[in-house]
Amino acid sequence: MFDVRRYEMELAGRELVLETGRLARQAGGAVWARYGDTVVLVTATMSRQPREGIDFFPLLVDFEERMYAVGKIPGGWGRREGKPGEAAILSARMVDRPIRPLFPEGFRNDVQVVVTTLSVDHDAPPDVLGIIGASAALTISEIPFLGPVGAVRMGLVDGQIVVNPTADQQRTSRLNLVVAGTRDAIMMVEAGADEVPEEQMLDAIMRGHEEIQRIVALIDRMRADVGKPKVEVPLFTPDPAVKAWVEQVGRPLLAAAVKNPDKMAREEAVERARQEIVERFVAEHGGEEQAAPLLKDVETILDKLLKDEVRRMIVEDGERPDGRAYDEIRPIYCEVGLLPRVHGSGLFVRGQTQVLTSCTLGLKSDEQLLDDLREEDRKRYIHHYNFPPYSVGEVRPMRAPGRREIGHGALAERALLPVIPPETEFPYTIRLVSEVLESNGSTSQASVCGSTLALMDAGVPIRKPVAGVAMGLVKWQDRFVVLTDIQGIEDALGDMDFKVAGTVDGVTAIQMDIKVHGITREILARALEQARAGRLFILDKMLQVIPKPRPELSPRAPRIITLEIPVDKIRDVIGPGGKMIRKIIEQTGVEIDVEDDGRVYIASTDEASGKKAAEIIQNLVRDVEVGAVYLGKVKRTTSFGAFVEILPGKEGLVHISELAPDRVGRVEDVVQVGDEVLVKVTEIDRLGRINLSRKEALPASQRQADGQPTAPRGGGDERRRRDGRGEPRRPGGFGRRPGR
């Protein structure tokens with residue numbers, strides 16, 4: 001029934017299997033990929049006709065997480081998967097980035113790649129396998145694709161570079177690096193690192209490329225055996241005559257327009273030049289009606305001409321659009337403490353890129369709960385990134401965070417994670433929010449810098465400050481130039497966006513996307529070295545404003561007191577139905593989190609209230625000791641004695657005979673409800689009931705009555721007539737009264 005083809009190879013001690021011919025046979029290309037116990041089904045499908053009226057390649061990558069893949073039932077009311085979560089969006093972006101540059105220029109057919117996770121082994125995360133499966137599905141399909149690509153994850157364990165580290169190795173690894181590329185060059189780099197030196201990072205990238213070449217060879221075998229012939233699709237190509245006219249007339253106008261250090265002024269100048277070119281074209285080609293069918297060609301040629309002119313100007317003339325040198329960073333401005341009511345804030349400005357980050361400190365209960373395929377079920381450090389339309393002078397609806405916002409927030413979070421203090425030293429949940437107020441390139445790295453400022457302003461004891469910078473690449477003919485601190489036009493029209501963040505001692509995060517068919521070790525090495533110099537320059541500017549974290553937290557931030565109590569005492573702190581913990585919160589005004597392992601977090605902006613709550617909890621879990629004297633409060637009285645609370649929630653009975661040295665007729669003659677009295681614990685019976693004595697706690701001089709010793713009246717006989725709690729025996733029966 002099936003013509004199944006299976007292709008296997010050994011990769012880092014485990015078997016990589018690519019299979020086709022059994023599942024999803026109506027898709028353009030379908031590959032069942034397995035590595036370890038992780039299985040993904042990847043399909044690639046293309047529309048039959050190009051989409052009209054667009055000037056971009058409509059590629060859509062969906063990463064479909066299925067919770068059954070890790071034996072979980074989804075949360076929420078519906079108990080089914082809904083819209084993709086943050087982890088799925090990041091995985092989809094990771095699949096998209098290395099394959100997008102490998103489609104023909106002018107390709108306008110819709111292409112959809114769907115990665116469905118069917119089984120997940122945490123030793124083999126599905127994102128890397130998704131890249132391999134997508135590459136294989138596209139390669140064996142009829143879709144024009146200039147791959148294949150391969151991908152691996154690299155680690156650094158005990159100083160050794162490890163290919164596809166296991167889950168245990170990843171926990172101790174100083175590096176989490178994903179590399180994707182073709183047979184000849186690197187296409188994508190994504191990394192989080194614990195201050196890894198640039199040279200070691202480069203070695204890991206190139207070592208990964210060696211394994212990528214083996215994966216590409218496996219996919220090439222698939223193509224040779226089962227690959228479909230690539231279809232001839234119409235590629236958008238402008239009219240040659242129109243191209244020649246636009247290049248002749250438009251090049252000098254665009255060349256003059258792009259030379260302006262101010263982004264808005266430059267964009268206005270470029271737009272005026274484009275309008276002038278279009279108007280002249282219409283005038284020289286028979287008017288609007290006759291020229292209308294060719295205007296789409298004119299716009300496309302102008303886009304390509306602007307890109308070529310900027311690239312030529314940078315490489316041949318040695319001149320960037322704003323006049324900077326290749327390794328020069330735009331003017332920097334930093335400020336902290338702008339927002340008076342938040343826990344910490346930092347403003348970072350680099351040229352016309354401006355990011356304001358706020359820091360909020362919360363309790364353990366404020367951690368983000370994770371409902372996805374990862375092993376972790378929560379995280380205490382969260383970074384969010386917002387990119388409103390006004391930051392680029394545009395008007396558009398404000399929607400939920402898109403893939404770009406989620407991706408940039410994750411990158412900044414990854415860059416700062418290595419310097420965040422551990423929970424044992426700083427028991428706070430930390431949320432950073434970066435608001436992009438103005439954008440002209442590298443807002444993600446500006447958010448890294450602004451976040452460092454906000455953390456230090458909040459008094460978070462980060463290990464070291466972190467800064468980031470975006471590097472660019474411009475290739476022209478057989479030459480290339482690496483640019484430091486690229487602005488928007490250099491990002492849009494260049495060949496690479498290479499973001500590098502780190503401390504003075506090493507790299508903490510990398511993200512590289514390219515638009516050409518790969519880059520070499522030489523380019524990577526130069527970009528990393530320039531990025532290091534730029535990062536140190538930026539760090540110096542930041543530390544001039546705030547050289548280290550503030551010694552004290554903001555007065556508006558909660559002060560957290562951490563206690564550890566025995567696990568079997570948790571119920572005493574919480575009380576039946578939460579009665580006790582609610583009472584403590586009402587009395588002190590604090591917030592309290594109690595963990596299953598006995599850790600208790602008390603948060604309050606008032607230090608005295610926090611200490612009071614801590615004292616109450618410590619008293620709750622203290623064991624009552626026989627022979628100890630306590631200052632208690634009378635809670636209620638009966639005919640046979642008084643019940644005194646000696647510790648929160650712990651009461652004992654002072655029998656009427658133990659209230660005073662002399663005989664007491666009525667309990668109320670000695671104590672009243674609400675009185676504070678010193679009592680001594682004389683006994684804890686086998687049922688845990690506490691017997692107390694007021695007279696035993698009195699000073700020795702007061703224990704004598706009429707010169708008589710302070711023995712209980714009635715001697716041992718009376719004591720024996722009392723039950724184990726020291727109370728007079730009570731009648732049995734339902735009526736609780738004597739019978740016949």
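Helix 6 passes helix 8 in a right-handed crossing in this predicted model. On the helix 6 side, the contact is made by Val 270, Arg 274, Ile 277, Val 278, Phe 281 and Val 282. On the helix 8 side, the residues are Leu 295, Val 298, Glu 299, Leu 302, Asp 303 and Leu 306. Sorted by class, this contact has nine nonpolar, no polar and three charged residues. Helix 6 covers residues 263–284 and helix 8 covers residues 295–315. Their axes come within 11 Å and cross at roughly 140 degrees. Helix 6 and helix 8 are therefore oblique to each other.

**Helix pairs**

Two packed helices are described by the angle between their axes and the distance between the axes.

| Helix pair | Axes come within | Crossing angle |
|---|---|---|
| Helix 6 and helix 8 | 11 Å | roughly 140 degrees |
| Helix 14 and helix 15 | 9 Å | roughly 150 degrees |
| Helix 1 and helix 9 | 10 Å | roughly 95 degrees |

Helix 14 spans residues 579–588 and helix 15 spans residues 607–621, and their axes cross at roughly 150 degrees. That angle makes helix 14 roughly antiparallel to helix 15. The crossing of these two helices, helix 14 and helix 15, is right-handed. From helix 14, the residues in contact are Met 580, Ile 584, Gln 587 and Thr 588. They meet Ser 609, Lys 612, Ala 613, Ile 616, Ile 617 and Leu 620 in helix 15. By class, the contact of helix 14 with helix 15 has six nonpolar, three polar and one charged residues.

Helix 14 also holds Ile 581. At 13% relative accessibility, Ile 581 counts as buried, since the cut-off is under 20%. Leaving aside neighbours within four places in sequence, Ile 581 is in contact with Val 573, Ile 574, Ile 592 and Val 594. Glu 199 is 382 residues from Ile 581 along the chain, and the C-alpha atoms of the two are separated by 54 Å.

**Helix 1 and helix 9**

The axes of helix 1 and helix 9 cross at roughly 95 degrees. Helix 1 and helix 9 are therefore roughly perpendicular to each other. Helix 1 contributes Glu 86, Ile 89, Leu 90, Ala 92 and Arg 93 to the contact. Helix 9 contributes Arg 403, Arg 404, Ile 406, Gly 407, His 408 and Ala 410. By class, the contact of helix 1 with helix 9 has five nonpolar, two polar and four charged residues.

Helix 9 runs over residues 403–416 and has 14 residues. From its first C-alpha to its last, helix 9 reaches 20 Å, close to the 20 Å expected at 1.5 Å a residue. Helix 9 is mostly covered, with eleven of its 14 residues buried. Among the buried residues of helix 9 are Glu 405, His 408 and Glu 413, together with Leu 411 and Leu 416. Ile 406, Gly 407 and Ala 410 are buried as well, and these residues of helix 9 take part in the contact with helix 1.

**Loop residues**

Pro 74 lies in the loop between strand 5 (59–64) and helix 1 (86–99). Pro 74 is buried, with a relative accessible area of 10%. Apart from neighbours within four places in sequence, Pro 74 is in contact with Met 67, Arg 79, Arg 80, Glu 81 and Asp 371. Pro 74 and Asp 372 are 298 residues apart in sequence, with their C-alpha atoms 8.2 Å apart in space.

The peptide bond from Gly 147 to Pro 148 is cis, with omega near 10 degrees.

Two aspartates have a positive phi. Asp 158 has a phi of about 55 degrees although it is not a glycine, and Asp 158 is found in the loop between strand 7 and strand 8 (160–163). Phi of Asp 485 is near 55 degrees, again a positive value in a residue other than glycine. Asp 485 is found in the loop between strand 19 (479–484) and helix 11 (488–493).

Are these aspartates buried or exposed? Asp 158 counts as exposed because its relative accessibility of 74% is over 50%. Asp 485 counts as buried because its relative accessibility of 0% is under 20%.

Key. Residues are numbered from 1 along each chain as its sequence is written. This is a predicted model: local features need pLDDT of at least 70, side-chain atom pairs count only at pLDDT 80 or more; totals for chains, interfaces and linings use all residues. Side-chain values use heavy atoms; hydrogens and water are left out. Helices (H or I, at least four residues) and strands (E, at least two) are DSSP runs, numbered from the N terminus. The expected span of a helix is 1.5 Å times one less than its number of residues. Buried means under 20% relative accessible area, exposed over 50%, partly exposed in between (1.4 Å probe, protein chains only). Axes are lines fitted to C-alpha atoms, for helices over the stretch in contact, and angles run from 0 to 180 degrees between N-to-C directions. Angles under 35 degrees count as roughly parallel, over 145 as roughly antiparallel, 65 to 115 as roughly perpendicular and the rest as oblique. A crossing is left-handed if the near helix is turned anticlockwise from the far one by less than a right angle, and right-handed if clockwise. Contact means heavy atoms within 4.5 Å. Ala, Val, Leu, Ile, Met, Phe, Trp, Tyr, Cys and Pro count as nonpolar, Asp, Glu, Lys and Arg as charged, and the others, Gly among them, as polar.
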